[in-house]
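Here are my notes on this one, as promised. Have the view open while you read.

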Amino acid sequence: MPTKPARTINLYALTWRLPIIFWQFIFFVGPVLFMVAMSFFLVKNYRMTEAFEFVNWSKMLSRGYFWDSYWYTVFIASVATVCAMCIAFPAAFALAFRASESTRRWAIFLLIIPFFTSYLVRTFSWFVILSESGVINGLLGTIGLGPYTMLNTNFGTLVGYMTLTLPLVVILQTVTMANIDKTLIEAARNLGCKPLATIWQVIIPLSKTGLIIAAIFCFILSFGDFVAPFYLGGSQEPTLPILILDTTKSGQQWPRAAVVAIMMMGTLFAIAFAGIALAYRKRKGAK
Amino acid sequence: MNANRTLNVILGIYVALIFAFVFAPIIFSMIFSFNSQRFPTIPLGSFTTEWYAKILADPDIWEAALNSLIVSCSTAVIATFLGFCTAYSDYRYNFRFKGPYLALILLPPTIPLIIMALAMLAWFSKIGMSGQIYSIIIAHSVLTAPFAMAVIRLRLNQMDPDLESAAWNLGGSEWATMRHVIIPFCKPAIFSGLFLTAAVSFDEFAVSWFVSGLNKTLPVIILEIVQGNIDPQVNAIGTFVFLISMTLVVLAQIFFASRQMKSIRP
Amino acid sequence: MSKPLVVFDKVQKHFGNFIAVKELDFEIREGEFLAIMGPSGCGKTTTLRMLAGLEAPSIGEIRLNGKVMNNVAPHERDTPLVWQSLALFPFLTARENVEFGLKMRGVDKAERKERALKWLEKMGILEFADRDISTLSGGQKQRVALARSLVMEPQILLLDEPLSALDAHLVIRMQAVLTDLQRELGITFVYVTHSQSEAFAMADRVVIMGEGRIAQIGSPKDIYREPANQFVAEFVGRNNILSGTVSSLTKSTAEITTPSGTFSVPMNEVALSEGQNASFVISADLVHISMDEPKGENTAHCKLISEEFVGSMVTLFLEDAQGHEFKVQMQERELSKFDLKGGDEIWLSWDTQSAHVLDEH
């Protein structure tokens with residue numbers, strides 16, 4: 001295949017290559033590395049001094065409340081991921097296999113919109129809808145049920161997480177499944193595979209990579225969100241993002257917030273890498 | 001066949017329910033913004049424009065709206081420029097460390113905003129750039145550049161690989177080719193990128209809240225009101241914010257889709 | 001003979017470990033229609049791209065009008081190319097496409113327009129001048145692409161399989177357009193193609209390339225009747241190739257014994273000696289058929305396997321008792337004199353002068 005002329009680096013090439021390098025080094029790599037460094041700084045009399053001490057790490061990691069918070073966050077984000085994946089699947093299945101091409105495009109078009117609109121306002125709206133005297137309890141009251149407590153519970157937190165993640169998960173699942181070669185499914189049916197078995201034996205294995213990527217995104221978004229657990233979950237049990245928020249905003253303990261942040265990033269990277277490894281793992285016996 | 005039709009109906013209802021869930025908060029927020037009750041419930045109270053009158057009379061909200069406008073416009077321009085440069089470099093050149101180079105632009109959105117917010121706050125304080133409008137703009141362009149990069153890169157993928165060489169062959173230098181071929185070809189994607197990054201920036205609250213200092217944007221004002229109390233003003237501001245960001249996203253999608261109408265290759 | 005316009009002087013092109021062009025050493029003459037032909041991956045497109053400056057030779061020199069071009073940037077050359085993909089600018093109208101090169105050269109607006117319109121008219125597509133490229137048909141786009149290159153008034157025009165996307169009937173029409181243009185303008189055309197019919201129909205000279213080297217250069221007739229080697233003979237296709245050992249020699253002919261029999265061939269520039277291996281070809285259209293055994297030498301007794309019709313021409317595929325395949329090409333009306341069906345046995349024969357000995361190297 002003919003290729004583009006391989007010329008030595010010139011002014012033209014550098015003009016397009018360098019801006020992002022400079023910008024991201026100063027304003028992305030810089031902040032992240034500084035945050036890592038900051039986790040070793042000391043705070044004395046509400047003032048941060050540069051140092052290299054492990055005191056923030058040992059203090060944070062030896063506290064029970066940190067680990068409670070850590071495992072609670074992992075737990076609730078995992079529950080959110082499972083919920084989102086399960087709730088989205090039938091819808092994605094319908095859009096991928098039962099809907100026409102143009103319906104699918106419109107559905108994706110509509111689902112992109114909330115992803116780029118204010119999550120904060122949507123959460124506040126849920127707050128009003130779910131409250132003791134809110135719309136849902138009002139509706140249930142007319143048929144003599146309730147009121148149910150939905151705010152300040154895990155349920156509230158999960159509603160918030162679903163608001164954040166469901167549109168994205170539906171889009172990713174739909175796109176993945178729509179790309180499956182339809183003849184493979186017909187072949188499976190033709191060979192006597194029952195509809196439900198087709199989903200398990202054919203559709204899910206074929207869309208494995210896309211499904212895992214959707215799950216990873218869902219986990220990252222839920223794990224890092226402070227709005228849903230704060231406003232809808234009432235931060236009964238603070239999640240890690242709330243811990244960062246409290247430590248930074250009220251306690252002036254930036255270095256300890258940095259410790260929490262680094263622990264979060266470490267966890268997310270581990271999960272993302274594990275997920276990607278799983279997604280791209282060759283099946284046993286496959287060539 | 002009958003069972004199949006029943007299944008289709010059930011699946012149709014299911015999809016409708018998902019959409020209802022996704023759009024319920026947006027729609028209710030709009031309804032509540034015209035509702036007289038302080039704690040809206042069923043049955044609804046009477047129609048009012050009280051909350052809108054309140055926010056329009058509040059100079060803090062006007063200032064925040066202006067700040068939001070400045071931030072999202074500036075962010076859009078910077079992020080789209082950065083996204084374009086990177087998308088073009090990726091399209092045109094192969095070079096060493098290209099993987100890390102692309103990671104540099106693509107990673108920020110995968111890091112939770114609260115972490116970026118903390119890191120940006122600490123860094124801007126360190127280098128003496130915190131608490132300014134431009135601090136928000138800089139932080140937002142880091143976060144949104146990948147969105148612009150993605151749409152422009154997809155557009156470049158649709159370009160006939162010979163088109164650039166054809167322009168050189170007809171006597172255009174690399175710079176002239178950029179101006180007369182690459183940029184005109186990418187124009188819809190560039191507009192799409194501008195609107196999309198503006199929309200993301202317009203709604204972002206976590207990083208803005210941390211680095212903005214006294215220069216609050218609209219989402220930050222919402223965050224502060226929400227922290228205090230249930231105040232239906234939020235619904236009025238929210239409706240406003242929704243309308244603006246939805247317009248931006250829809251415009252972005254229209255530009256994104258418009259290139260599919262025209263034939264892509266000669 | 002006209003003087004050389006372009007010289008390829010021991011040119012090689014490497015892409016990493018892959019050698020696309022192993023050695024090119026040839027000239028392109030002023031005003032000729034040169035076709036470069038070969039199977040895909042033979043290096044023909046790379047050769048053209050080097051001429052346009054889109055690839056730099058790894059070794060060797062390319063000279064245009066005596067000037068070394070190796071380090072001249074593509075936009076500083078005057079070697080417009082007509083692309084296989086056409087590479088028309090989709091966001092410009094037909095006229096703006098044609099004006100593009102002039103605009104890059106700094107020609108002022110009024111003159112640009114005038115020259116563009118003149119060429120659009122010449123190509124017979126003036127009425128589409130202000131149409132969007134996407135609304136034009138394949139043939140119209142083709143003409144815009146040609147006009148866009150020719151408006152530059154170059155000394156040399158490069159064409160990279162420009163007709164490969166067109167329907168068969170349009171190809172024939174565009175071939176006529178191209179040959180007429182080339183004759184009228186008197187400029188050099190370098191035409192890369194994998195299609196033998198295109199190359200043989202239009203070119204003054206044909207370069208056959210294989211695996212990054214030149215296999216033969218010559219007029220279409222030379223290449224067809226007297227392929228230099230087995231590669232060319234096989235590539236050209238409509239040939240019967242026979243291999244054997246030289247059994248006897250006279251001044252003007254040699255006898256070659258093959259499993260299918262002993263045949264005599266005329267001596268050419270290929271030196272033969274008794275006992276050596278040799279191959280020769282006979283063009284399929286120079287083989288005669290008959291039902292009875294013909295008199296004279298160079299005959300083969302074959303069974304008809306199948307027939308293939310292309311227009312009024314028919315190609316017979318036959319096999320002798322040893323399983324060697326023969327091809328015979330003739331007019332359909334000529335064939336209809338024989339009443340043949342599959343499995344019939346017939347005799348083939350040809351004149352000694354029709355055979356051509358191949359250079360084994």
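The points below cover confidence, a helix pair and the chain contact.

1. Bear in mind that this is a predicted model: local features need pLDDT of at least 70, side-chain atom pairs count only at pLDDT 80 or more, and totals for chains, interfaces and linings use all residues. Residues are numbered from 1 along each chain as its sequence is written, while chains are lettered from A and ligands numbered from 1 in the order in which they are written.

2. Over residues 260–266 of chain B, the pLDDT falls below 50. Where pLDDT is low, the predicted coordinates should not be read in detail.

3. Now look at helix 3 (residues 59–92) and helix 8 (residues 174–203) of chain B, which pack at about 140 degrees with axes 8 Å apart. That angle makes helix 3 of chain B oblique to helix 8 of chain B (oblique is what remains after under 35 degrees, roughly parallel, over 145, roughly antiparallel, and 65 to 115, roughly perpendicular). Residues making the contact (C-beta atoms, placed from the backbone, within 7 Å) include Gly83(B) of helix 3 and Gly193(B) of helix 8. By class, the residues of this contact are eleven nonpolar, eight polar and no charged.

4. Between the chains, 64 residues of chain A are in contact with 62 residues of chain B. Helix 1 (residues 11–38) of chain A gives the most to chain A's side, with 17 residues. That side has 49 nonpolar, eleven polar and four charged residues.

Definitions and conventions
Axes are lines fitted to C-alpha atoms, for helices over the stretch in contact, and angles run from 0 to 180 degrees between N-to-C directions. Helices (H or I, at least four residues) and strands (E, at least two) are DSSP runs, numbered from the N terminus. Two residues are in contact if their C-beta atoms, placed from the backbone, lie within 7 Å. Ala, Val, Leu, Ile, Met, Phe, Trp, Tyr, Cys and Pro count as nonpolar, Asp, Glu, Lys and Arg as charged, and the others, Gly among them, as polar. pLDDT is the predictor's confidence in each residue, from 0 to 100.
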